[in-house]
Amino acid sequence: MKDNLIQYILGIADNSLILGQRLGELTGHGPAPEIDIAITNISLDLFGQVRSYFQYAAQLSDKDITEDDIAFLRTEREYVNVLLVEQPNTDFGYVITRQFLFDQFHYLLLSALQQSTDATMAAIAKKSIKEVSYHKRFSADWMKRLGDGTKESNQRVQQAVNDLWGYTNELFMLTDADKQAIAEGIGVDVTLFKKEYYENVAAILEEATLEVPTQAFFQKGGKEGVHTEHMGYLLADMQYMQRTYPGMKW
Amino acid sequence: MTTDQVNIDEELIPILRQVSDPEIPVLSILDMGVVRKAIVVDEVVEVSITPTYSGCPAMDVIGEDITAALAHAGYQAKVNLVLSPAWTTDWITPEGRKALLAYGIAPPLTATADKKALLGGEQLVKCPQCGSANTEMLSQFGSTACKALFKCKECQEPFDYFKCLT
Ligand SMILES: [Zn+2]
């Protein structure tokens with residue numbers, strides 16, 4: 001039961017960790033100072049949330065581990081984030097679209113997780129949702145600005161939507177850890193808000209004068225530890241310090 | 001059981017008042033509302049602090065500063081971080097709001113006004129330099145996650161607005 005809860009926590013926290021890392025890559029490289037700052041702040045929020053989750057997981061674990069071990073010292077197959085969040089920062093259209101598709105999900109997830117029977121999970125959700133509501137506004141605003149902007153911005157963000165769309169379905173697939181956590185009242189059944197998610201996303205895309213893709217083919221694997229070719233590079237970058245200087249502290 | 005109630009021993013207040021938010025040095029952590037509990041139990045001060053934002057890098061420093069301030073006053077302290085109930089900008093005291101303003105940061109509006117200002121573009125945030133409401137938002141995120149970046153169109157100065165969190 002405890003091991004399952006740890007696995008369930010990773011299923012939630014790894015998404016924020018890997019997305020936070022992706023966003024962190026943009027620090028100092030954003031297209032404008034305001035956006036650079038916003039993206040760095042969102043990254044920081046996500047890392048803060050991850051720390052709460054990982055501290056809890058480390059505390060539950062029988063092994064003598066810390067939050068840093070969980071964050072930095074696992075192998076690629078042990079990360080269970082969805083493929084969506086590991087997709088690269090191809091251009092600003094992709095950065096915003098990836099964020100938008102994730103924020104819309106993240107918000108609904110945390111809304112439900114606030115009712116978790118596990119007091120710590122509920123407390124983390126209550127804390128995090130306040131921050132994520134700002135992320136959600138930011139990414140939705142930019143979807144509209146890019147979609148309803150120039151011909152060029154519209155085309156490029158539409159391209160990103162089309163490319164990333166195939167990764168959205170994985171958000172709603174239940175792992176064994178999910179199923180057990182749901183049965184125990186700790187976990188959230190994400191399939192219950194799948195319809196709401198796609199409706200919310202479609203409404204914003206429409207307002208942004210963007211087309212909702214109709215493709216039926218979806219990618220999956222991240223939740224089972226099977227990642228895209230981008231993940232290895234991301235981890236090499238993220239784990240470099242801890243691997244090179246084991247136990248290094250700030 | 002969680003509670004919004006703060007529980008701080010009278011004798012500890014002057015000590016804790018000296019500890020400030022490292023990012024806003026004029027603001028005492030007590031006026032910031034991050035200290036939820038500080039009571040003496042068996043000669044050890046048990047302190048609970050709550051983060052303003054999850055990623056707030058200041059929390060570790062605040063914890064150390066509290067321990068140091070209490071040690072200086074002859075107390076041993078045990079500081080722990082609590083997440084629930086989650087911090088809200090309503091916990092900033094009137095003195096805290098004054099300190100923010102004097103420091104050049106516009107204090108948070110009410111939740112409704114905040115939404116209108118940040119989303120609807122309504123001119124409700126007043127410039128902390130000249131007091132004019134003729135201001136515009138430059139970015140929903142400012143120098144730190146808890147602030148938004150504004151500009152005063154009257155005196156042309158940019159400034160931070162402390163976003164409402166309820
Ligand atoms: Zn002014």
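This is a predicted model: local features need pLDDT of at least 70, side-chain atom pairs count only at pLDDT 80 or more; totals for chains, interfaces and linings use all residues.
Leaving aside neighbours within four places in sequence, Cys146(B) is in contact with Tyr53(B), Tyr161(B), Phe162(B) and Lys163(B). Cys146(B) sits in the loop that joins β8 and β9 of chain B. Its relative accessible area is 8%, under the 20% limit, so Cys146(B) counts as buried. One of its contacts, Lys163(B), is 17 residues away along the sequence, yet the two C-alpha atoms are 5.9 Å apart in space.

Over all chains, the structure holds 13 aromatic pairs. A pair of aromatic rings is described by the distance of the centres and the angle of the planes. For Phe138(A) and Phe141(B), the ring centres are 5.7 Å apart and the planes meet at 85°; the angle is over 60°, so this pair is edge-to-face. The pair crosses between chains: Phe138(A) belongs to helix α6 of chain A (residues 119–147), while Phe141(B) is found in the loop between β8 (135–139) and β9 (147–152) of chain B. Both Phe138(A) and Phe141(B) are buried. Phe150(B) and Tyr161(B) form an aromatic pair that is also edge-to-face, with 5.6 Å from centre to centre and 75° between the planes. This pair links distant parts of the chain, with Phe150(B) in strand β9 and Tyr161(B) in strand β10 (residues 158–162) of chain B, 11 residues apart. Phe150(B) has a relative accessible area of 2% and is therefore buried, and Tyr161(B), at 0%, is buried as well. In chain A, one aromatic cluster is formed by Phe102(A), Phe105(A), Trp165(A), Phe172(A), Phe193(A), Tyr197(A) and Tyr198(A).

Chain B also supplies the donors of a zinc ion. These are the SG atoms of Cys127(B), Cys130(B), Cys152(B) and Cys155(B), lying 2.3 Å from the ion. Along the sequence, the donor residues follow the spacing C-x2-C-x21-C-x2-C. The arrangement is tetrahedral because the 4 donor atoms subtend angles of 105 to 116° around the zinc ion, which fall between the limits of 85 and 135 degrees.

Buried positions in α3(B) are Ala58(B), Met59(B), Ile62(B), Gly63(B), Ile66(B), Ala69(B) and Leu70(B). Viewed down the helix axis, these buried residues fall within an arc of 140°, so they line one face of α3(B). The face turned away from the buried side carries the exposed residues Glu64(B) and His72(B). As for partners, the buried residues of α3(B) pack against α1 (13–17), β2 (20–21), α2 (29–32), β5 (44–49) and β6 (76–81) of chain B. After the helix comes Gly74(B), which has a positive phi near 90°.

Definitions and conventions:
Residues are numbered from 1 along each chain as its sequence is written. Chains are lettered from A and ligands numbered from 1 in the order in which they are written. Side-chain values use heavy atoms; hydrogens and water are left out. Donors are N, O and S atoms within 2.8 Å of the metal (3.2 Å for Na, K and Ca); water is not among the atoms, so sites may look incomplete. Four donors count as tetrahedral if all angles lie between 85 and 135 degrees; four count as square planar and six as octahedral if opposite donors are over 155 degrees apart and all others between 65 and 115; anything else is irregular. Buried means under 20% relative accessible area, exposed over 50%, partly exposed in between (1.4 Å probe, protein chains only). Helices (H or I, at least four residues) and strands (E, at least two) are DSSP runs, numbered from the N terminus. The arc is that of the directions from the helix axis to the C-beta atoms. Contact means heavy atoms within 4.5 Å. Rings of Phe, Tyr and Trp (its six-membered ring) pair if their centres lie within 6.5 Å; planes under 30 degrees apart count as stacked, over 60 as edge-to-face and the rest as tilted.
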